[in-house]
Amino acid sequence: MGRGILRGAVAGAAGTTALDAVTYLDMAVRGRGTSSTPEDTVERGARVVGLKIPGEGETRANRVQGLGPLSGIAVGVGTGVASGVVQATLRSRGQRLPAAVGVLAVSAVAMALANGPMTVLGVTDPRTWSATDWLSDAVPHLAYGLVTYAALQD
């Protein structure tokens, strides 16, 4: 189990790097700006649980800007850990998922864990997203799933 956790953390970090690279490439190609949803989620989440983000003005804003991406890294590594544990459990039983199923499952879980809190907190509503919005979110998460799943293979 420990090996699954460690391998999963490394795989999740690799997947997170792939997701970020695809996202930044999309921004560079299309000339689009960054999204404020990670920071907005940190702000609303802190408010809901009664946490105060310390600082005033620019100092506080900078903290929030740092916490937004860090939350994404936590989701990516955490999803990798969960994937590593699931994979280790399946392997101990002599089972393996087909690659396409594994990649899509890891991608879907990461996307749900990233967007779920944003949706619950009212930062975004996927029901209102355009096809371009969905592609801008799904393609990087697919890259995450592909790299994470591949990194977990022997």
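Predicted model: local features only at pLDDT ≥ 70, side-chain atom pairs only at ≥ 80, totals over all residues.
Local features were taken at pLDDT of at least 70 and side-chain atom pairs at pLDDT 80 or more, while totals for chains, interfaces and linings use all residues. Residues are numbered from 1 along each chain as its sequence is written, and side-chain values use heavy atoms, without hydrogens and water.

The protein chain holds five helices and zero strands. Helices here are DSSP runs of H or I with at least four residues, strands are runs of E with at least two, and numbering starts at the N terminus. From that end, the order of elements is α-α-α-α-α. The radius of gyration of the protein chain is 17 Å, close to the 15 Å given by the globule rule for 154 residues, so the chain is as compact as a globular protein of that length. This radius is taken over C-alpha atoms, and the rule is 2.2 Å times the number of residues to the power 0.38. Along the principal axes, the C-alpha atoms fill a box of roughly 55 × 35 × 25 Å. Of the 154 residues, 31% count as buried. Buried means under 20% relative accessible area, exposed means over 50%, and partly exposed lies in between (1.4 Å probe, protein chains only). Contacts require heavy atoms within 4.5 Å. Among contacts with a separation of 6 or more, 82% join residues 24 or more positions apart.

Helix α1 (residues 2-30) packs on helix α3 (residues 57-92) at an angle of about 135°, and their axes are 6 Å apart. α1 is therefore oblique to α3. Axes are lines fitted to C-alpha atoms, for helices over the stretch in contact, and angles run from 0 to 180 degrees between N-to-C directions. Angles under 35 degrees count as roughly parallel, over 145 as roughly antiparallel, 65 to 115 as roughly perpendicular and the rest as oblique. The α1 and α3 crossing is right-handed. Residues of α1 in the contact include Gly 4, Gly 8 and Gly 12. Those of α3 include Gly 76, Gly 80 and Gly 84. By class, the contact has eight nonpolar, seven polar and two charged residues. Ala, Val, Leu, Ile, Met, Phe, Trp, Tyr, Cys and Pro count as nonpolar, Asp, Glu, Lys and Arg as charged, and the others, Gly among them, as polar.

Helix α4 (residues 99-120) and helix α5 (residues 131-151) pack at about 125°, with axes 8 Å apart. These two helices are therefore oblique to each other. Their crossing is right-handed. Among the residues that meet are Val 103, Ser 107 and Ala 110 in α4 and Tyr 144 and Leu 146 in α5. The contact divides into 13 nonpolar, six polar and one charged.

Leu 146 is found in helix α5. Beyond four places in sequence, Leu 146 touches Val 103 and Ser 107. Leu 146 and Thr 124 are 22 residues apart in sequence and 25 Å apart in space, C-alpha to C-alpha.

Thr 79 lies in helix α3. Thr 79 is buried, at 2% relative accessible area. Leaving out residues up to four places away, Thr 79 touches Val 106, Val 109, Ala 110, Leu 113 and Tyr 144.

Ala 11 belongs to helix α1. Ala 11 is buried, at 0% relative accessibility.

Technical notes. Left-handed = near helix turned anticlockwise from the far one by under 90°.
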